[in-house]
Amino acid sequence: MRRMAEPYRIKTVEPLAMTTREEREAAIAKAGYNTFLLPSKLCTIDLLTDSGTSAMSDRQWSAMMIGDEAYAGAVSFDNLQRAVEEVYGFPFVCPTHQGRGAEHLISRILIKPGMHVPGNMYFTTTRAHQEMAGATFHDVIIDEAHDAQAEHPFKGNVDIAKFEALIAEVGAENIAYINVALTVNMAGGQPVSMANIEAVREVCDRHNIIMWSDATRLAENAYFIQERESGYADMSCADIVKKQLSYFDGLTMSGKKDCLVNIGGFLAMRDESILVKARELVVIYEGMPTYGGLAGRDLEAMAVGLREAVDDHYLAHRIGQVRYLGEMLQEAGVPIVEPIGGHAVFIDAAKFLPHVPQEQFPAQALAAALFVESGVRSMERGIISAGRDAEGNHRRPKLELVRLTIPRRVYTDRHMEVVADAVIELYRTRESITGLRYVYEPPTLRFFTSRFEPLG
Ligand code: F0G
């Protein structure tokens, strides 16, 4: 097989921190064994998230110079709106400071207290905003998504039978909307097929339900459709992106992922009455409807980035790089979520540390140990991220994972080899990793700021 290289060359470099094991041990203790609380300057390879961590292109940096910083009527808004219309096919757009800003607005607009919101697995901030608006979230993803090793080409698919059962149970009029994430972050970056999107649309049409998308990683989803779904091999990812979205009434976007920017997000929709409500709210929570909490230069960078992100060559390398890391781990026998997803490799911490029970936070402990071993920063996606239910009990997700999230256009394939070496070394010495106990637990989105200490 011919090898593929990064489809870019590097114009600016940022030196990486080199640390000793003693420095890392002190740092993780000071951070309460929570990788979110580590100083980034001590993270040699930072795989905490793919959110806002992309490297921008020379074209994006040049576009920033023409940002229009007028308070009102800035041309930068027109440029973003044109890009959203051309690439995503939605006529109306309302910028927000990032994805959760858009989630906040749409939850307030579409949810009345007591309503229900089905989705293909939860995302932390998405569900928090839905619940704060008074809704109950229902997971309607296919069962395979909750099994780290189940093989399915589109493990992010909505289970149509579960969706219809919910409609029968609560009544279509009590469903605020269905939220379909492209791809599904918490399931391991798993895609949704075009056929499934079409099937959801058919159900929504029959019951008059609004079909919304968390389109955060929509370009990566399109790549999987091109690769795996029959009939799409010859369609460009740009065309697949547009076709996917053609079934939706609107979307929330975290531009920090598939718009290749460091900050930014938006709502886009077809229904002007939703736009009017979004504009009423955005002035209170974010800023004028033409900037939504962003600078004009941020809007310009996002308009360029969202076009770059649907390029076939960019996506082939992007997904290929994630897969390269995942396959090195698979070959060494390290348990990971399969198939390998779009933005990250997820280590199955429950299998990696079978001697650490879930209430001793195996994924959190593994993420801390990986940092000490190598300076690689990763993130817990398990019982800590899932939080507590209304009764105050831990939610116990079936997936107890550590996410190695790959920033876009930042690291080379050689960095992936260094990460793989570190994880494989840790796997050899896994028996020495112990569980953790809580020292401080915040009331919401606890994974961000919780503090722990090691047991034993
Ligand atoms: N939806 C999904 C699927 C996400 O992954 C994120 C963010 C958001 C919404 C919220 O967007 O951060 O711009 O407010 N995910 C990041 C992550 C934080 O690390 O997975 P935001």
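Which elements do the buried residues of helix 12 pack against? Before I answer, a word on what we are looking at. This is a predicted model, in which local features need pLDDT of at least 70 and side-chain atom pairs count only at pLDDT 80 or more, while totals for chains, interfaces and linings use all residues. Residues are numbered from 1 along each chain as its sequence is written, and side-chain values use heavy atoms, with hydrogens and water left out.

Helices (H or I, at least four residues) and strands (E, at least two) are DSSP runs, numbered from the N terminus. The buried residues of helix 12, where buried means under 20% relative accessible area with a 1.4 Å probe and protein chains only, pack against helix 8, helix 9, helix 11, strand 9, strand 12 and helix 16; contact here means heavy atoms within 4.5 Å. Among these buried residues are Tyr314, His317, Arg318 and Leu325. The end C-alpha atoms of helix 12 are 27 Å apart, which agrees with the 28 Å that its 20 residues should span at 1.5 Å a residue, the expected span being 1.5 Å times one less than the number of residues.

Let me take those neighbours in turn, starting with helix 11, residues 296-308. Of its 13 residues, 10 are buried, so helix 11 is largely enclosed by the rest of the structure. The buried ones include Gly296, Asp298, Met302 and Glu308, and the partners they pack against include helix 3, strand 2 and helix 12.

Next come helix 8 (residues 218-228) and helix 9 (residues 237-246), which pack at an angle of about 110° with their axes 9 Å apart; axes are lines fitted to C-alpha atoms, for helices over the stretch in contact, and angles run from 0 to 180 degrees between N-to-C directions. That makes helix 8 roughly perpendicular to helix 9, a label that covers 65 to 115 degrees. Tyr223 and Ile225 of helix 8 and Ile240 and Leu245 of helix 9 are among the residues making the contact.

Three strands form an open sheet in the order 9-12-11, with antiparallel pairing, and two strands pair if DSSP finds at least two bridges between them. Its edge strands are strand 9 (344-348) and strand 11 (379-381), each pairing on one side only. Five bridges join strand 9 to strand 12, and Ala344 stands opposite Thr405 in strand 12. Helix 12 packs on this sheet, touching strand 9 and strand 12, and its direction makes about 25° with that of strand 9.

How values were computed. Buried means under 20% relative accessible area, exposed over 50%, partly exposed in between (1.4 Å probe, protein chains only). Angles under 35 degrees count as roughly parallel, over 145 as roughly antiparallel, 65 to 115 as roughly perpendicular and the rest as oblique.
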